[in-house]
Amino acid sequence: MTLSTLSDWTGEVGTVTIGALKADGGTRSTTVTIGGERDLSFIGSPPTGHRPLIAFELCDDPSLWPAPVTKFLGDRASDPAEWARWAGQEYAPDLIRLFLTSTRRRGFSDFASVTTTVENVLQATGLPLIIEGSNDPELDSEVFRRIGEAGEGERLLIGTAEAARYRSIAASAMAYGHLVIAQSPIDINLAKQLNILLREIGLPHDRIVIDPYTGALGYGFEYSYSVMERIRYAALKGDEDLAMPMISSAIDSLTVKEVREADPSGIEKISVAWELYAMLPATIAGASIVCVRHPSTILPLRAGIDAFWPAPSGGGGA
Amino acid sequence: MALKALDIYKLLPKKNCKECGEPTCLTFAMKLASGKVKPEDCPYLDEKAREILGASTRPPVQRVKVGVGERSFAIGEEIVQFRHEKTFFHEPGIMTAVSDRMDADTIQAIVADVRDHLLVRIGLDLRLNGIAIRSESGAPAAFAAAVEAVEAVADLPEVLLAEDPAVQEAGLAVCGNYRPLIHAATRDQYREMCALAVKYGCPLAIRAPTLDALADLSGLCTAAGAGHLVLDLTSPSLHETLNSAVAVRQHAITRTTPALGYPVFIDTRPSGLPDAALICGVLKFGSILVTDAISDESRKAFLVLRQNIYTDPQKPIQITPGIYRVGSPGPDAPVLLTVNFSLTYFTLQGYLEASGVDSFMLIVDTEGLSVLTSVAAGKLSETLVRDALKEFGVPDLVDHRKLIIPGYAAPLSGKIEDETGWKVLVGPRDAADIAEFLEKEWP
C-alpha cells in the first residue's frame with residue numbers, strides 16, 4: 001500500500017508560449033511556456049505542468065503608480081525602458097509587464113508614444129513581454145494596433161480583453177501574432193463566455209491566458225482565490241473552454257489602507273508582505289503567472305515558488 | 001460514505017418530539033448529515049440506528065480541542081477539499097515558538113506579545129493562538145522551567161515539542177491539566193507518549209516518515225487509548241508538505257483511510273521559509289501551525305489571509321447599515337450611497353480616504369450583496385434608499401440634497417430622484433475612480 005493523492009481528473013490545461021527568439025522572428029533572449037497541468041498544479045513529483053512564473057509590472061506614467069514603488073525606484077520610474085532593463089538585470093523576473101498608463105489619462109492622443117515606448121522597452125530587455133494598453137473603447141483600436149505592430153514577431157501577451165471590449169485586442173493579436181489576456185470579473189461563467197467569444201472571432205485557445213481578476217489581500221482576495229480554484233477544477237474535469245493558463249495580479253495590493261497608512265520605516269516590508277501573501281497563494285490556486293510591482297517582493301516570491309515546485313519541474317520546466 | 005439527510009431520516013423515530021432541540025425529525029436529520037448535531041442528541045434512537053449513524057456521521061476529520069479557557073480552540077471537523085464546495089470551518093491555530101534555551105525574560109516577552117496582540121478587521125478580532133515550547137537542551141528540568149515561564153505570563157494554549165518521553169513528562173507535570181498538544185509520538189516511543197496523553201487527557205501529535213507509516217501509527221495510538229490525534233506533516237520540502245496535506249484531506253473526507261481522519265500539524269522551521277510555510281499551512285489544510293516569531297508585517301498579512309480563506313463563501317461578511325463618516329464631513333460634504341457588502345464598503349472607504357475629501361457614506365441593507373448583484377436582484381431599490389435617508393437622519397446632516405450613487409446603480413437614478421426628491425449624481429463603476437469623479441463633479 002502506498003498512500004498518495006486520489007485524483008480522477010481527465011482534462012489537461014493547454015500550454016502557451018510567450019516571447020519569440022530570433023530564430024522564430026523575434027528578438028527575445030528567452031521565451032517562457034506555461035500550463036500543461038493534469039492535476040492541481042503543485043501535485044506530483046515532479047508536478048504535471050510548467051512551474052508558475054513571476055512578471056514584474058511597470059508603467060510609462062509613474063504618477064498613476066503606487067507610491068511605495070516609485071519612491072523605492074527614484075528616477076528610474078521616469079523611463080520605462082530603464083526600469084525594465086534594471087529590474088530584469090537586478091531581480092531576474094521571468095517576464096516584464098508594461099502598463100501603458102499614459103493612455104488612461106483624460107484626453108490622451110499621443111499615439112506615436114505607444115510605438116516608441118513599446119520599441120524602447122523591447123530593446124531594453126530580452127525578457128518576454130506582457131503589454132497592457134488602453135481601457136477606453138475610443139482609443140483601443142489605435143493603441144492596440146500600434147502595440148501589435150511595434151511588437152510584431154515578438155509573441156507578446158497583450159491585455160486586457162473584457163466581454164465589452166475585446167475586438168480591437170483580438171484583432172491586433174491575430175494580425176501581428178500575439179497572445180491575449182482575457183479578463184472577467186471574478187466569475188467562472190463570464191470567464192468561459194469570454195473565451196468562447198474570442199474563439200468565435202478566430203483566436204485559438206492556445207493564444208489566450210485567463211485573468212480571473214484578483215482582489216487584494218483582505219479586499220476580496222478570497223473570491224479570486226476560489227474562482228481560480230474553480231476554473232482550474234473545471235479544466236481538469238474536461239472543460240476545454242476554461243483550460244487555459246491563468247495570470248493573477250492583485251493590482252491594488254500597494255494602495256490598500258494597510259500599506260498606505262504604514263509607518264515610512266516599514267513601508268517596504270508591508271508592501272512585500274501584502275504582495276507575497278496574495279501572489280504565492282495564487283500559485284497554489286492555479287495561477288501560472290503572478291505579478292508584482294515592488295522589486296523586493298520578487299526574491300521571497302521566487303523562494304516560495306521554488307519550495308512548492310522543486311526545480312526542475314515536469315513538462316519540460318520553465 | 002456519509003449518509004444523506006433522507007437516509008438518516010428513515011432511521012429516526014419520526015416522533016417530532018422536539019426534545020433534541022430541533023423542530024422536527026427532518027431538521028434533525030439535515031443537521032446530522034452536515035455534522036452539526038450528534039446521534040446521541042436524540043433520546044429515542046434505537047441501538048441499531050445509533051450504531052449506523054455513529055459510524056457514518058462521525059466527522060471525517062476528527063475534532064480536537066487544544067488548551068482550556070477563553071483562548072482554547074477547536075480544530076478538525078472539516079468536510080471539503082475546496083472552500084467553494086462549502087466552507088472551511090476551524091481556522092488553524094498559529095503557535096509562536098519559544099525554546100528552553102531562551103532565558104525566562106525572552107520567553108515571557110514573546111508570550112506577552114502573543115497574549116496581547118490584536119488586529120481588528122471588518123469588525124472581527126484576529127489573534128495569534130498560543131505558544132509552542134521547544135525542547136532544545138534535552139534536559140527535563142530546563143524544559144519544565146521554560147513551560148513554567150510561559151505559564152507565569154498567560155494561560156494560552158500550548159504545544160510541548162519534546163520527543164523524549166521523560167522531557168515531555170517534565171513539561172506535562174507543569175501544564176498537563178491545561179490540555180496542551182503533546183508533540184510527538186513516533187514508532188519508537190508511541191507507547192510512552194500514548195500513556196502520557198491518556199494520563200493527562202491531552203491531544204497527541206504523531207509523526208512518521210511516510211503516509212503509510214503514519215496511518216499505521218495512528219491505528220497503534222488509538223489502540224493504545226490516545227484518541228485525539230494530530231498528524232505532523234512537516235517536511236523540509238514544502239512541496240512534500242503540500243502533497244501529503246492534500247492526500248491526507250482526500251483520504252479523510254472520502255473516508256478511504258479513516259486512520260488519517262485527523263487535523264494536520266505543520267512546523268514552519270525545517271523549511272527555512274516561514275512565510276511560505278505559513279501560506280502552505282493556511283491554504284492546504286494545516287490546523288496547528290508552529291512558527292518562530294515572525295515580523296509584524298508577515299503576521300498582519302498572515303492573519304488577513306487566514307481570515308480570507310476561512311470566510312464562509314456562502315455568507316458574505318456584512319456591514320451594519322447606517323451613515324459612516326470619512327474624515328470630518330460638514331454640511332456641504334458629499335453623500336455617497338453604497339451597499340452593505342463588506343468588501344464594497346472597505347474598497348470605497350479606502351479610496352475615499354485616499355482622495356482626502358471629507359464625506360458621508362450611506363450604507364443600505366442589501367443583505368450583503370454587491371452593487372451589481374443587488375441591482376439585478378432588486379434588493380437595491382428606490383424605496384430602500386428613501387427609507388435609509390430618513391432612518392439615518394441624512395437630511396439633518398447636510399444642507400444640500402444631492403446623492404452620489406454607484407455607477408452600476410445608474411438604472412435606478414430616475415426612480416431614486418422621484419422617490420426621494422434628492423438630485424442623483426451617478427458615480428463611477430469602479431471605486432478607484434472616485435477621487436477623479438469628486439474632483440470633477442463635486443463643487
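In chain A, what share of contacts between residues at least 6 apart in sequence join residues at least 24 apart? The share is 70%, where a contact means that two C-beta atoms, placed from the backbone, lie within 7 Å.

Before you click further, note that this is a predicted model, in which local features need pLDDT of at least 70, side-chain atom pairs count only at pLDDT 80 or more, and totals for chains, interfaces and linings use all residues. Residues are numbered from 1 along each chain as its sequence is written, while chains are lettered from A and ligands numbered from 1 in the order in which they are written.

**Stop 1: chain A.** Select the whole chain. You will find ten helices and ten strands; these are DSSP runs numbered from the N terminus, with at least four residues (H or I) for a helix and at least two (E) for a strand. The C-alpha trace spans about 65 × 50 × 35 Å along its principal axes.

**Stop 2: where A meets B.** Now show both chains. The contact takes 42 residues from chain A and 44 residues from chain B. On chain A, pick out helices H7 (221–236), H8 (257–260), H9 (267–285) and H10 (298–308), each of which supplies at least two residues to the side touching chain B. H9(A) gives the most, with nine residues.

**Stop 3: the barrel of chain B.** Select strands S3, S6, S7, S8, S9, S10, S11 and S12 of chain B: in the order S3-S6-S7-S8-S9-S10-S11-S12, they form a closed barrel of eight strands with parallel pairing. Strands count as paired if DSSP finds at least two bridges between them. The twist averages 30° from one strand to the next, using lines fitted to C-alpha atoms (for helices, over the stretch in contact) and angles from 0 to 180 degrees between N-to-C directions.

Zoom in on S11(B) (residues 264–267) and S12(B) (residues 286–291), which run parallel and are joined by four bridges. Here Phe265(B) stands opposite Ile288(B).

Helix H7(B) (residues 190–200) lies across S8(B) and S9(B), at about 165° to S8(B).

**Stop 4: Arg115(B).** Finish in helix H4(B) (residues 104–116), where Arg115(B) is found. Show its contacts: leaving aside residues up to four places away in sequence, Arg115(B) touches Val153(B), Ala154(B) and Leu156(B). Then find Arg71(B), 44 residues away along the chain, with its C-alpha atom 9.2 Å from that of Arg115(B).
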